[in-house]
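My notes follow in numbered points, so please have the sequence and the coordinates open as you read.

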Amino acid sequence: SDLFNCPNSSFSSFILVGIPGLGAFSTCLGILFCLGYVMALVGNGAVLLVIGLDSTLRDPIHCFLGMLAIVDVVMVTSIIPKMLSVFWLNSTEIGYVSCFVQMFLVHSTTSAESGVLLAMAVDRYVAICHPLRYQVILNYQIIAQIGLAILVRALFIMVPFIGMVTNLPYCRCRVVPHSYCEHMAVVKLACADPRPSGLYSVVGSSLTVGMDMAFIAVSYGMILKTVLGKKSPWKALSTCGGHICVMLLYYIPGMVSIYTQQFSSGVSVHVQVLLADLYLTLPTMLNPIIYSMRTKRIRQAVLKML
């Protein structure tokens, strides 16, 4: 409260600080995040458009790529517009309901993105290890069921958490030292003990990401076992290059951001907030670029559309 002067807000709203300690650079930061948002919308929109228009891009991997693009658009749209209003318009107040809706969208889309990356790893395993049965195993019905399972899992994880967070009593001072309603920054404002919801968040995200990464590791282990016995293993592995780059871009900053905010008290607040912002923005911006560079059919379809 000494740092932010703790202005009183109404009982139906929170106040977003932006990036603590970097208020003097809010205009420049807004420009950078706005450019990232435009790139994310244009890149993912182009991927969705070419997949929708080009009938040759209806195989399973491109269906999963379309799911990834939808998740990325929802994720980045849930935070950047409000963030820009804080940076540029000094519109720092966010409604009580809007805050928790934003929190729900952020965390459900991060869970969904991890699920889509797992589905894409399974796709690569089937394509390389069982190429003759690829279309049979991953038919449209199975793809739809996988998409539904990803959505249900995200809801199953987030609904109890949102219930725990909304049931906490919040004090009069509701200044969130963050640029969006990040759950740890919000629950610390509660007048009650926030540790159960924080523990649920860390355990839930760790189990979700841990299981997904374990299954991804198993699928790539089977892929390596299959391709190492062939004459040209690098040709088969090259089809996994885009997926591997996207995984590294998503999981490494994500785990660093989560554990930094939860356990590292020695890291300054503005570094923690910047990590959390970049973790949600960079993958959504770079994913379509990576797949456009790594996937010849997507690149040719985009050039043809242009």
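1. How far apart do the end C-alpha atoms of residues 202-224 lie, and how much of the span is helix? The distance is 32 Å, and the span is 100% helix and 0% strand. Elements are named here from DSSP runs numbered from the N terminus: helices are H or I runs of at least four residues, and strands are E runs of at least two.

2. A word on the ground rules. This is a predicted model, in which local features need pLDDT of at least 70 and side-chain atom pairs count only at pLDDT 80 or more, while totals for chains, interfaces and linings use all residues. Residues are numbered from 1 along each chain as its sequence is written, and side-chain values use heavy atoms, with hydrogens and water left out.

3. On annotation, the unreviewed UniProt entry lists residues 22-51, 63-88, 94-121, 142-162, 202-224, 236-259 and 271-291 under "transmembrane region". UniProt positions are given in the numbering used here, feature names are shortened, and annotations may be inferred rather than shown by experiment. Residues 63-88 are 92% helix and 0% strand, with end C-alpha atoms 37 Å apart.

4. How many salt bridges does the structure hold? There are two, counting a side-chain nitrogen of Lys or Arg within 4 Å of a carboxyl oxygen of Asp or Glu. One joins D212 and R153, whose closest N and O atoms are 2.8 Å apart. This pair links distant parts of the chain, with D212 in helix α8 (residues 195-227) and R153 in helix α6 (residues 140-166), 59 residues apart. D212 is buried at 2% relative accessibility, whereas R153 is partly exposed at 23%. Here buried means under 20% relative accessible area, exposed over 50%, and partly exposed in between (1.4 Å probe, protein chains only).

5. The other salt bridge pairs D123 with R124, with 2.7 Å between the closest N and O atoms. D123 is buried, its relative accessible area being 0%, and R124 is buried too, at 9%. As background, side chains of opposite charge can pair when their charged atoms come close.

6. Please also look at S114, in helix α4 (residues 96-129). S114 counts as buried, at 1% relative accessibility. Its side chain makes a polar contact of 2.5 Å with the side chain of D212. A polar contact is a pair of N or O atoms within 3.5 Å; within protein, one must be able to donate a hydrogen and the other to accept it, and residues adjacent in sequence count only if both atoms are side-chain atoms. Beyond its neighbours within four places in sequence, S114 is in contact (heavy atoms within 4.5 Å) with R153, V209, D212, Y250 and Y251.

7. Which cysteines form the disulfide? They are C99 and C181, with sulfur atoms 2.0 Å apart; the cut-off for a disulfide is a pair of cysteine sulfur atoms within 2.5 Å. C99 lies in helix α4 and C181 in the loop between β3 (175-176) and α7 (183-187), so the pair ties together parts 82 residues apart in sequence. The S-S torsion is about -125 degrees, so this disulfide is left-handed. Both C99 and C181 are buried.

8. Finally, a backbone detail: N90 has a positive phi, near 55 degrees, in a residue other than glycine. N90 sits in the loop between α3 (80-89) and β2 (93-95) and is exposed, at 58% relative accessibility.
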